[in-house]
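Work through the exercises below with the model at hand. Each task is followed by a solution in steps.

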Amino acid sequence: MIEEAIKRFQSQNISIINTLLAVCLTSSILLSSCMKAVENPQVVNENPQIFPDYVGVTIPAGIAPMNFNVIGEDVECVDVVAKGSKGGEMHVQGDYADFDIDEWHALTSQNKGAEIVFTVSVLSKTKWIQYKPFAMFVSNYPLDDYGITYRLLAPGYETAGNIGIYQRDIHSFDEDKIFHETAVPGQCMNCHTANRCNPEQFLIHLRGDKDGTIIQQKDKRVVMNTLTDQTRANCSYSYWHPNGKYIASSTNVIRQLFHVSDERRIEAFDTMSDVLVIDVDNNQLIVDERFQTNDFETYPVFSADGKTIFYCSSRYYQIPQELDSIKYSLCKVSFDVEKGRFGERIDTLLNAETLHKSFTFPRPSYDGKWLLLSVANYGNFPVNHKEADIHIMNLATGEMRSMDEINSDDVDSFHNWSSNSHWIVFSSRRGDGLFTKAYFSSIDEQGRGTKPFLLPQRNPLRYYSEQFHAFNCPDFTAGKVSFDARSAGKDVIDGNRTNVSVR
């Protein structure tokens, strides 16, 4: 009797499985029958006009699907076949190229170090047009970081207004708020600044009548008041020491003006700026009188080994009368980690007066090989300068060059490194010339970049045409950031502050 029961049970389960397989097969046939056959296409020897421009880009395996739209008024249907040179194939059809996320991840993973070739056909006025195939290259360099963080900033200048710091999973389309102006009404906030992409160790600066610096370390959070009788302003631009015990920072008084008859719209500038270091464990500011003068010092960052501070410096100018004359040199000074103090010698690596350019926003790679810089004609806010480009310096040789392979004819600036130092994310106004967007490029062993690609979106043309915020100061995060925005906002509004001393 037991054997007969087992046989009946097995028979019933086989029947259920066969039924499920039949349903799946029927669904697959029905889905296939919904696709229009690409019959007798007119073959043209040119690339399709797609948005974003993903032709010839290099991508990491596991990136979110590189969906794209085909541009054209008469586009009725888009058919795309994506075939990997190491195997694997996807076929999608619809209003735009919309790839299944799991299949896309499998295809890119299968083709590391190879390419995926896309054949695009478009139905237009009852006739199919098939374009020249194009490739995307899948890098051997992984990009295992969770995603990026960025500030979304509305095009308004009078108040903070609808400003927020967000994070985006770059392997999917998931976006979450980290901190928003609704938690601290009326306050302007600087971007989430993490220690080497660490989601558990970061800070956020606030400007306004409730200003201060939120410092988060795992489950510990303080709101620090960095303005003292011996400093002239709160901290604004910061960078963590690798050991997490120090933060290099500049204190800035920032103003802005508007151009009346010029292709430039707005200019931001400092009326004062000094460099100091925050001793996080002891709630102290490490101040050196050499960096507390009328000259301008800003954008300090620690080297990969934590023994050097790179920063930008300019002699004093009358602002805004001499704004077009102000140019920043790239300098460095050693830092004694054990004693917590600046070194004696200051070196100028790039002399603005000699080179007639302004060098700002240094960002060293975490492997210690490279230094990225923004280079503009003047000033220290390159995001407002159409001519601003990204340059790279070899820290072993001191040689520097413009990264022409990633720069555009519009603003390219505010760059950061992935945790493995083989990818960068930066903001650019290429395309519409109005809003900065986040772009990615792979960096090889020789410091060469690949053609940048725009942050993927599910329906990119619709998303970016309806997005009226700028992607500001993007940076990588190794994991998803967990932050109690409501509690932090309450601390800010209630005035709960940790005061600092000066040494």
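The exercises concern a predicted model and go from the whole chain to single contacts.

**Exercise 1.** State how many helices and strands the protein chain has, and what share of its residues is buried.

Solution. The secondary structure comes to 5 helices and 36 strands. Of the 503 residues, 52% are buried. The C-alpha atoms fill a box of roughly 85 × 65 × 45 Å along the principal axes.

**Exercise 2.** Classify Asp412 and Arg430 as buried or exposed, and find what links them.

Solution. Step 1: buried means under 20% relative accessible area. Step 2: Asp412 has 0%, so Asp412 is buried. Step 3: Arg430 has 16% and therefore also counts as buried. Step 4: the two form a salt bridge, with the closest N and O atoms 2.7 Å apart. Step 5: this pair links distant parts of the chain, as Asp412 lies in strand S30 and Arg430 in the loop between strands S31 and S32, 18 residues apart.

**Exercise 3.** Locate Lys490 and Asp494 and describe their contact.

Solution. Step 1: both residues are in helix H5 (residues 485-494). Step 2: they are 4 residues apart, which means a separation of about one helical turn. Step 4: Lys490 is exposed at 53% relative accessible area, while Asp494 is partly exposed at 43%.

**Exercise 4.** Find where Thr477 lies and which backbone oxygen its side chain approaches.

Solution. Step 1: Thr477 is found in strand S34 (residues 470-477). Step 2: its relative accessible area is 0%, so Thr477 is buried. Step 3: a polar atom of the Thr477 side chain lies 2.6 Å from the backbone oxygen of Gly479.

Key:
Residues are numbered from 1 along each chain as its sequence is written. This is a predicted model: local features need pLDDT of at least 70, side-chain atom pairs count only at pLDDT 80 or more; totals for chains, interfaces and linings use all residues. Side-chain values use heavy atoms; hydrogens and water are left out. Helices (H or I, at least four residues) and strands (E, at least two) are DSSP runs, numbered from the N terminus. Buried means under 20% relative accessible area, exposed over 50%, partly exposed in between (1.4 Å probe, protein chains only). A polar contact is a pair of N or O atoms within 3.5 Å; within protein, one must be able to donate a hydrogen and the other to accept it, and residues adjacent in sequence count only if both atoms are side-chain atoms. A salt bridge is a side-chain nitrogen of Lys or Arg within 4 Å of a carboxyl oxygen of Asp or Glu.
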